[in-house]
Amino acid sequence: MNGEERREKIAHILKEKQGKVRGSELARQMHVSRQIIVGDMALLKAQGLPVVSTPRGYYLTEQEGKGYRKTLVCCHDRSHTAEELEMIISAGGMVHNVSVEHEVYGTLTAGLEIRNREDIRAFIERMKTKNAPLLSSMSGGIHSHLVETKEKEDMDRVEESLRKAGFLYEDRQVNL
């Protein structure tokens with residue numbers, strides 16, 4: 001099977017699958033390396049397929065959102081990461097990504113796709129086991145999340161929870 005046929009098959013698998021598909025599983029099914037799958041995903045994205053890449057696998061987003069989306073700018077240190085994510089989830093939100101502004105590279109964004117407490121647990125555990133710095137460590141704790149809720153009232157609850165905790169960045173002086 002050539003690359004184009006492989007990518008067609010991968011796109012079909014992603015369209016049919018409910019949930020995430022690990023890159024290692026796609027590599028096994030296609031009889032190629034994991035790195036080939038990474039390249040295939042980049043090409044599929046460039047062709048317009050709405051592929052989302054997470055540490056727990058690939059999936060397709062729906063082109064048209066069914067909810068209310070808003071970018072929220074937050075600021076806190078590493079010790080409050082799980083708390084921040086828990087607040088968003090508990091108020092009915094999901095976290096699509098995290099972005100920071102870098103003085104050389106501009107905006108750096110990483111997909112998170114955190115939808116529930118298990119996703120939070122897995123993210124925090126992965127950060128600990130990999131001893132990985134948060135993106136916000138490059139920006140003094142300031143970062144933004146693309147958050148989605150089903151209703152505007154849910155988004156209002158997300159914002160209010162983050163505001164009460166002091167996590168929303170609203171042109172304030174922050175000492176971390």
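## Stop one: a charged pair

Select glutamate 160 and arginine 163: they form a salt bridge, and their closest N and O atoms are 3.7 Å apart. A salt bridge here is a side-chain nitrogen of Lys or Arg within 4 Å of a carboxyl oxygen of Asp or Glu. Both residues sit in helix H6, three residues apart, so about one helical turn separates them. (Helices are DSSP runs of H or I with at least four residues, strands are E runs of at least two, and both are numbered from the N terminus.) Glutamate 160 is partly exposed at 34% relative accessible area, and arginine 163 is partly exposed too, at 37%. The scale: buried means under 20% relative accessible area, exposed over 50%, and partly exposed in between, using a 1.4 Å probe and protein chains only.

Before moving on, note that this is a predicted model, where local features need pLDDT of at least 70 and side-chain atom pairs count only at pLDDT 80 or more, while totals for chains, interfaces and linings use all residues. Residues are numbered from 1 along each chain as its sequence is written, and side-chain values use heavy atoms, with hydrogens and water left out.

Arginine 157 is partly exposed at 42%, whereas aspartate 154 is buried at 13%.

Now select glutamate 86 and arginine 117, whose salt bridge has its closest N and O atoms 2.7 Å apart. This pair links distant parts of the chain: glutamate 86 is in helix H4 and arginine 117 in helix H5, 31 residues apart. Glutamate 86 is partly exposed at 26%, and arginine 117 is partly exposed at 49%.

How many salt bridges does a search of the whole structure find? It finds 11. Side chains of opposite charge can pair when their charged atoms come close.

## Stop three: aspartate 40

Select aspartate 40 in helix H3. Is aspartate 40 buried or exposed? At 2% relative accessibility, aspartate 40 is buried. Leaving aside neighbours within four places in sequence, aspartate 40 is in contact (heavy atoms within 4.5 Å) with Arg6, Arg7 and Ile10.

## Stop four: the largest nonpolar core

Next, show Leu72, Ile114, Phe123, Val158 and Leu162. These touch the most other members of the largest nonpolar core, which has 21 residues. Strand S3 (68–75), helix H4 (81–90), strand S4 (93–102), strand S5 (106–114), helix H5 (117–129) and helix H6 (152–165) each supply at least two residues of this core. H4 gives the most, with four residues. By definition, such a core is a set of buried Ala, Val, Leu, Ile, Met, Phe, Trp, Tyr and Cys residues joined through side-chain atoms within 4.5 Å.

## Stop five: helix H2

Colour Gly23, Leu26, Ala27 and Met30: these are the buried residues of helix H2 (residues 23–30). Seen down the axis of H2, they fall within an arc of 100°, so they line one face of the helix; the arc is that of the directions from the helix axis to the C-beta atoms. What covers them includes helix H1 (3–16), helix H3 (34–46) and strand S2 (57–60).

The structure holds zero disulfides, a disulfide being a pair of cysteine sulfur atoms within 2.5 Å. Cysteine 74 is buried at 0%, and cysteine 75 is buried at 3%.
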